[in-house]
Amino acid sequence: MTPASLLDKLEEVVIGKRQQALWLLVALVAGGHVLIEDVPGVAKTRLVKALAQILQLSFSRIQATPDLLPSDITGGMVYEPSTQSLQFRPGPIFHQMVLVDEINRATPRSQSALLESMEESQVSVDGTTYPLPEPFMLAATANPVEMAGTFPLPEAQKDRFLLSFAMGYPTLEEEQQMAYQLSHADPANDLVHEISVDEVLRWRREADSVQVSRPINDYIVGLVRATRSHPQILLGASPRAVVQWIRALKAYAWIKGQTFCTPDDVQALMPVILGHRLIIQGGPRQNVFDERQRVLREILKEIQDSVVVPVESLS
């Protein structure tokens, strides 16, 4: 199965969300994690679970609540009567595809339990480090409209997500098609394992060989640095954004069948790479989701227009 046919299959399960499926696949191939911020009921969980099922990845879902403990995520030491000793019992983080649903409902203490796994693909408990399975990917969802009783992610943790995007409501035609399709048979029930884990790891190796020229590198650096001097941005993107942008860029170009990256590829990734990393000065409140997205789009367009696009040979 090619990346294009995989996206076709995902679009059968989540109608009209091919672009969101593409971003999810980019994150997987790039070895990163995704944050999906949107209202309930727009198929965030459905999309992630469908990808895991097609790729034969072990899947777990963690429902974040205020009483969720770090050990509920990582696992912990449990007394084993047969051996009269403490043994480590792995938590749900020990899967290849992990969905943390409504991550902003977990307390900061539990949210921080995810940091080591996201950054280093490992978990440390009682002085012992346990590696996570390969490939490992974490997808977190956040509800941006119900803020009572929630704990917004700190910027340091948001920065660890490779990409962030919204699902959006379907169009009239898409919603009609979805209602008709689901009234007969749910295509998610017919998904079969079509790609092995070894194939996914091969995809990652091939994507890593995609060429990123010096002008493209400099273009990305220029865009990131421009976020730090924009008058409407209180906190711009970190150097980590540059590194993760290049990783995502290689994966994006590879999925498109390219052996090198172009300025158009850079610009296509800009909203999903930078959107969750910026703090807007004097902008709308975090819970005014649609308005914040509109302001972000305007700011990113201004930044894109302010940086010279490289015109040297890119191949």
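Residues are numbered from 1 along each chain as its sequence is written, and side-chain values use heavy atoms, with hydrogens and water left out. In this predicted model, local features need pLDDT of at least 70 and side-chain atom pairs count only at pLDDT 80 or more, while totals for chains, interfaces and linings use all residues.

**Exercise 1.** Determine how the rings of Phe88 and Tyr130 are arranged.

Solution. Rings of Phe, Tyr and Trp (its six-membered ring) pair if their centres lie within 6.5 Å, and planes under 30 degrees apart count as stacked, over 60 as edge-to-face and the rest as tilted. The structure holds 4 aromatic pairs. For Phe88 and Tyr130 the centres are 4.0 Å apart and the planes stand at 10°, so this pair is stacked. Ring pairs also link Phe88, Phe94 and Tyr130 into a cluster.

**Exercise 2.** Classify Phe88 and Ala185 by relative accessibility.

Solution. Buried means under 20% relative accessible area, exposed over 50%, and partly exposed in between (1.4 Å probe, protein chains only). Phe88, at 18%, therefore counts as buried, whereas Ala185, at 44%, counts as partly exposed.

**Exercise 3.** Describe the surroundings of Glu102.

Solution. Leaving aside neighbours within four places in sequence, Glu102 is in contact (heavy atoms within 4.5 Å) with Gln63, Ala64, Thr141, Ala142 and Asn143. With Gln63, the Glu102 side chain makes a side-chain polar contact at 3.4 Å; such a contact is a pair of N or O atoms within 3.5 Å, where, within protein, one must be able to donate a hydrogen and the other to accept it, and residues adjacent in sequence count only if both atoms are side-chain atoms.
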